[in-house]
Amino acid sequence: MLVLIMVLLFTLVLLLAFYVINFVLSIKDMGKNKISAFECGFVSVGKIQNSFSIHFFIMMLMFVIFDLEIVMFLGILVSDLSSYVSFLLMIFFILGGFYMEWWYGKLAWVI
C-alpha cells in the first residue's frame, strides 16, 4: 500500500515538474496573430457576413451525411442476406437525397 502511495506521489510531482518546465521554457509571443482567433484560413477581421460562405457549411453537412451512410454500408456488407430490403431502402433514400440536392442546385460550387 505504501509503494502505491509513493508511486502516485512521484507521478504527481513529475507531472507538476514537467508542467512548470514547459511553462517556463515556452515562447510567450503576444503579437496580433498569436492572440487572434484561428478561423480556418479566412481573416477574422471585418464584417462577419462577408467572411463565411454558406456553401462551405452545406458541403460539410453533405460530407457528414454521406460519411455516415458509408458506415451503414459497411454494416450491411457484413450482415446476412435478410438485410437486402433494408439495403435497397437505404439506397433509395440516398439517391432521393442526392436528387433533391441536385434539384435545388446545392451541388453547384459557386462562391
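Contact, in this talk, means heavy atoms within 4.5 Å. With that rule, take the contacts in this protein between residues at least 6 apart in sequence: 53% of them join residues at least 24 apart.

Some ground rules next. This is a predicted model, where local features need pLDDT of at least 70, side-chain atom pairs count only at pLDDT 80 or more, and totals for chains, interfaces and linings use all residues. Residues are numbered from 1 along each chain as its sequence is written, and side-chain values use heavy atoms, with hydrogens and water left out.

So how confident is the predictor? pLDDT is its confidence in each residue, from 0 to 100. The protein averages 77, and 75% of the residues score at least 70. Among the elements, helix H1, residues 2–25, has the highest mean pLDDT, 93. Helix H3, residues 48–51, has the lowest, 56. Where pLDDT is low, the predicted coordinates should not be read in detail.

Now the overall layout. Helices are DSSP runs of H or I with at least four residues, strands are runs of E with at least two, and both are numbered from the N terminus. Here we get five helices and zero strands. Buried means under 20% relative accessible area, exposed over 50%, and partly exposed in between, using a 1.4 Å probe and protein chains only. Of the 111 residues, 9% count as buried.

UniProt has an unreviewed entry, which lists residues 6–25, 56–78 and 84–104 as "transmembrane region". Its positions are given in the numbering used here, feature names are shortened, and annotations may be inferred rather than shown by experiment. In the model, residues 6–25 are 100% helix, with end C-alpha atoms 28 Å apart. Residues 84–104 are 95% helix, with end C-alpha atoms 30 Å apart.

Let's look at helix H5, residues 84–103. H5 has 20 residues and reaches 28 Å from first C-alpha to last, close to the 28 Å expected. That expected span is 1.5 Å times one less than the number of residues. Which residues of H5 are buried? They are Met 90, Ile 94 and Glu 101. Seen down the axis of H5, these buried residues fall within an arc of 40 degrees, so they line one face of the helix. The arc is taken from the directions from the helix axis to the C-beta atoms. The face turned away from the buried side carries exposed residues, among them Val 85, Phe 92 and Leu 95. After H5 comes Gly 105, with a positive phi near 75 degrees.

Who are the partners of Glu 101? Leaving out residues up to four places away in sequence, Glu 101 touches Met 62, Phe 66, Lys 106 and Leu 107. Glu 101 is at 17% relative accessibility, so this residue counts as buried.

Phe 66 sits in helix H4, residues 54–77. At 27% relative accessibility, Phe 66 is partly exposed. Beyond its neighbours within four places, Phe 66 contacts Ile 94, Phe 98 and Glu 101.

Last, the rings. Rings of Phe, Tyr and Trp (its six-membered ring) pair if their centres lie within 6.5 Å; planes under 30 degrees apart are stacked, over 60 edge-to-face, the rest tilted. The count is three aromatic pairs. Tyr 99 and Trp 102 have ring centres 5.6 Å apart and planes at 40 degrees, so the pair is tilted. Both lie in H5, three residues apart, about one turn of the helix. Tyr 99, Trp 102 and Trp 103 form one aromatic cluster.

Notes: pLDDT is the predictor's confidence in each residue, from 0 to 100.
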